[in-house]
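Q: Can you walk me through this fold? Keep it quick.

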Amino acid sequence: MSNPVEAFIQALSKKDGAGIHAAVTPDVRFRGLTPGDEWQAHTVDELTTILFGRWFEPPDEITSLVSWDVNDLAGRIGFIYRMRIHNADGNFVVEQQGYATLSDDNRIADIAIVCSGFRQE
């Protein structure tokens, strides 16, 4: 895997738990901030539970990964992505921005993400 952050974004946009597991270390440190809540995880399983059980719940269909950008930032990786979501309440756009640190084996060891929340289109 050449770029684990891009792999993480692609896996997230497909709700692909195996892809998340491949992109991050088993003991990944995760911090997240969404409108109205803070999130933390210390394992990949805790992370996937947050991502696919709380942030993007089973009824939330991610219809497209609209855009993404990943850049080196002096030893950290900065990233931003935007997705379109559809669920029973309508169509939404969500944007997330964050920073990641890679492990020696080129996987995400530390990741922090801030989320815009679901914004109705």
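What follows is a short chat about the core, the helices and the strands.

Q: What kind of model is this, and how are residues numbered?
A: This is a predicted model; local features need pLDDT of at least 70, side-chain atom pairs count only at pLDDT 80 or more, and totals for chains, interfaces and linings use all residues. Residues are numbered from 1 along each chain as its sequence is written, and side-chain values use heavy atoms, with hydrogens and water left out.

Q: How many residues are in the largest nonpolar core?
A: The core has 34 residues. Phe 8 and Ile 20 have the most contacts inside it. A nonpolar core here is a set of buried Ala, Val, Leu, Ile, Met, Phe, Trp, Tyr and Cys residues joined through side-chain atoms within 4.5 Å. Buried means under 20% relative accessible area, with a 1.4 Å probe and protein chains only.

Q: Which helix gives the most to this core?
A: Helix 3, residues 44-55, with six residues. Helices are DSSP runs of H or I, at least four residues, and strands are runs of E, at least two; both are numbered from the N terminus.

Q: What is Ile 20 in contact with, leaving aside neighbours within four places in sequence?
A: Phe 8, Ala 11, Leu 12, Val 44, Leu 47, Thr 48, Leu 51 and Phe 52. Contact means heavy atoms within 4.5 Å.

Q: Thr 48, then. Buried or exposed?
A: Thr 48 is buried, with a relative accessible area of 14%. Thr 48 is found in helix 3. Beyond four places in sequence, Thr 48 is in contact with Gly 17, Ile 20, His 21 and Gly 53.

Q: At what angle do helix 1 and helix 3 pack?
A: About 45°, with their axes 11 Å apart. Helix 1 covers residues 4-13. Axes are lines fitted to C-alpha atoms over the stretch in contact, and angles run from 0 to 180 degrees between N-to-C directions.

Q: Which residues make that contact?
A: Phe 8, Ala 11 and Leu 12 of helix 1, and Leu 47, Leu 51 and Phe 52 of helix 3.

Q: Switching to strands. How many bridges join strand 3 to strand 4?
A: 11 bridges, and the two strands run antiparallel. Strands pair if DSSP finds at least two bridges between them. Strand 3 is residues 61-73 and strand 4 is residues 76-87. Ser 64 stands opposite Arg 84 in strand 4.

Q: What about the turn between strand 3 and strand 4?
A: The two strands form a hairpin with two residues between them. Ala 74 in the turn has a positive phi of about 50°.

How values were computed:
Buried means under 20% relative accessible area, exposed over 50%, partly exposed in between (1.4 Å probe, protein chains only).
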